[in-house]
Amino acid sequence: MRKNIWMGLALCVWTSVTLAAAPAVTVDNKLLADEADGRNWAAYGRTFGEGHYSPLTQINDKTVQRLGLAWSLDLDVTNMQTTPLAVDGVVYLAAGYSIVHAVDARSGKLLWRYDSKSAEKAGKALRAGWGVRGLAFWDGHVFVGTQDGRLLSLVAGTGKLAWEVQTLNQEGLFISGAPRVFNGLVLIGNAGSDFAPVRGYVTAYDAKTGKQAWRFFVVPGKPGVADNAVSDKALADIAARTWGKDDWQHGGGGQVWNAMTYDPELNRVYLGTGSGAPWNWKLRSPEKGDNLFLASVVALDATTGQYLWHYQTTPGDAWDYDSATDMTLATIPVNGKPRKVILHAPKNGFFYVIDRESGKLISAEKLGKVTWADRVDAVTGRPVESGNIRYEKGEVNLYPSFLGLHAWPPQSYSPRTGLVYIPTLEVASGFSDEGVDKSPWKPLLYTPSYSGLTAGTTDVPEEAGKSILVAWDPRTQKAAWKIETRGISNGGTLATAGNLVFQGHADGKVHAYAADTGRDLWTFAAGQAVTGVPISYSVDGKQYITLTAGPLTGVAGGFGSVSAQWGTNARIHPRRLMTFALDAKTPLPATPLTARIKPLAAPQIKVDAKLAEAGGAAYIRCVTCHGPGAVAGGAAPDLRASALLLSHESFAGLLRSNALVSKGMPQFDDLSDQQIEQLRHYVRQKANETLAAKR
Ligand code: HEC
């Protein structure tokens, strides 16, 4: 019966797409809860379960050798580290600063493009430099957040704006994550606590009208000030006890900047919350509490937004160990009985299996190299911390780094193998607050400075760490297999019922591995970094794989030589949407060769060491995009190779103008002539150092 309805729908899809690309299928709770029908990929993690799993099997471990490029489409955007959707044969993609595209999945033809103008509207928020990682779909509409904090609803068939609403309540915030839609409500969070004294919250809006339904704050506000009926009670009864009375002045943080999971079986929504503002616990919370609900999974009633339970993965976080990573829903055997669980690998390096009904910890084990804690206590659910990890005795080097063992690049979960496929990083970082001004925190908004730690802008060497694709068995809390991948900035994963796991890499390769054994079955050379998140869907019975390629972006793209070694160049490499199918043989369009960028030789500029030193500190404003040590990882041009820096006038002119804002280069009209000169000498010094080393 069900099947016939679907076939009928598929037929109308075909006719209507030829006419107007208006989706005929209704994306609603039923479709988003349907794990079995793989034709659409209508939400960030495909279904409510956030499994990034496709039940399609046409492309499988036997046929994958025949997989080839069906089409590609180059787009005029900055950032391509995003997850597309596919509904009724149309691929929807939000890339760069929320420029939304609809593309015919069969031909690769662009159907419409909507520019939210968020780079232009973002003002200083553009300096945070993320761009958007995905979008949502519901009832004929596409939903996307913007760097300047709006939530937009677009008509899927035409790309026309249906409504927009400003979701931010204070300066310092921006949006980089994808919204989620359930029960006719669109849920959106925000980011910013790394750079500003902000307070995390999520807001649910009516999908039809954009009217606010409820808002939940993650951390307490000013004591005695009632500001939100939905969250006030939980914050007062539970969270406030874990903070000092003046801590609210720092904002607190707890941004829900990435993961949110709707649970259709329990009508709940789980929030993955971020780290504190500032990161330094001693500054944020001098009385040293756990600081709830930072770095936690928080369960809310999806209809009302009321608090139900929380589980904190990192009490008193001091290392940016967000819990803002995927929370995948599964039902797995625990002590012989099926249990509804959340599978969660936050940045702190442990893999957690959490009971969805009660919020109780079932188990937690180290997913990779973790030195900040020995283990998680099974009874209390708390980590057993190692010594001096709170840098109370000076700098400490810890695994994982502030990048996390697993960050936002999505994990996938195959119910067929029972394994979770997780892109992980084995990188350490030093934590220290030596020399930090401990009087009230004075952040530079939207700039990775003074999060209460000693900030550095030095290059990250090529061999700074490694990445490992881990196939983790949540039933045994052990790896089934592991593959060492290259670099430290690879993409998220897609698992399919065809016994495959797909992942794109910063070195320019896309791989398909056997989901059960990890055997490398298929490789495609994209000619440039591929760090988008793959999806799969079918049209007219044909299965497709779609993902994006293009220069690395976001924080992971800025990591100096460790990213720059792959030679993807922000200036010359295309931002490319690629789609694969069996027996397709379309050649890739010409792609400039990857090559490490050479600094420009400019012996006529005599570098002043004092100016350069001061410039190193000022460079904190540029590091997110132009890379530490002035070595661009791919997100933005390498300043050591820029002719604009050869004269003060041309450099100052560019920084103070808004000429490149639409391309993602923020306006810096607040820099003094002296600061600009310092920056120029710093970059030129770095250029000379590299040139001298090569000789
Ligand atoms: C949010 C990310 C971001 C930040 C932060 C940022 N930039 Fe940029 N910048 C870019 C991008 C992207 C471009 C390339 C725009 C284009 O495509 O033309 C760029 C271009 C430039 C250029 C032009 C290079 C050339 O040769 O054409 C200069 C110079 C520059 N940036 C300097 C700076 C300096 C100095 C800072 C810090 C004060 C800074 N930028 C901060 C993203 C950023």
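My entries on both items follow.

**Entry 1: His 573**

I am working from a predicted model. I started by placing His 573 in the fold. I found His 573 in the loop that runs between helix H7 (560–564) and strand E39 (575–582).

Is His 573 buried or exposed? I looked up its relative accessibility, which is 3%. The cut-off for buried is under 20%, so His 573 counts as buried.

Next I checked which backbone atoms the side chain of His 573 reaches. One is the backbone nitrogen of Asn 569, at 2.8 Å. Another is the backbone oxygen of Pro 592, at 2.9 Å.

Then I listed the contacts of His 573, leaving out residues up to four places away in sequence. Thr 591, Pro 592, Leu 593 and Thr 594 are among them. I also noted Gly 527, Gln 528 and Pro 551. Gly 567 and Thr 568 are on the list too.

**Entry 2: cavities**

How many cavities of 30 Å³ or more are there? I counted four. The largest cavity holds about 90 Å³ of space. It is lined by 14 residues, and those closest to its centre are Ala 43, Phe 48, Glu 50, Arg 180 and Val 181.

I looked up which strands supply the lining of the largest cavity. Strand E7 (136–138), strand E11 (180–182) and strand E16 (260–263) each give at least two residues. By residue type, I logged ten nonpolar, two polar and two charged in that lining.

Conventions:
Residues numbered from 1 in each chain as written. Predicted model: local features only at pLDDT ≥ 70, side-chain atom pairs only at ≥ 80, totals over all residues. Heavy atoms only, no water. Helix = DSSP H or I, 4+ residues; strand = E, 2+ residues; numbered from the N terminus. Buried < 20%, exposed > 50% of the residue type's maximum accessible area, 1.4 Å probe, protein only. Polar contact = N/O pair within 3.5 Å; in protein donor to acceptor, adjacent residues only side chain to side chain. Contact = heavy atoms within 4.5 Å. 1 Å grid on protein atoms, 1.4 Å probe; cavity = no way out; pocket = protein on both sides within 12 Å on 5 of 7 lines; lining within 4 Å. Points joined across faces, edges and corners; volume = space filled by probe spheres on them. Nonpolar A, V, L, I, M, F, W, Y, C, P; charged D, E, K, R; others polar.
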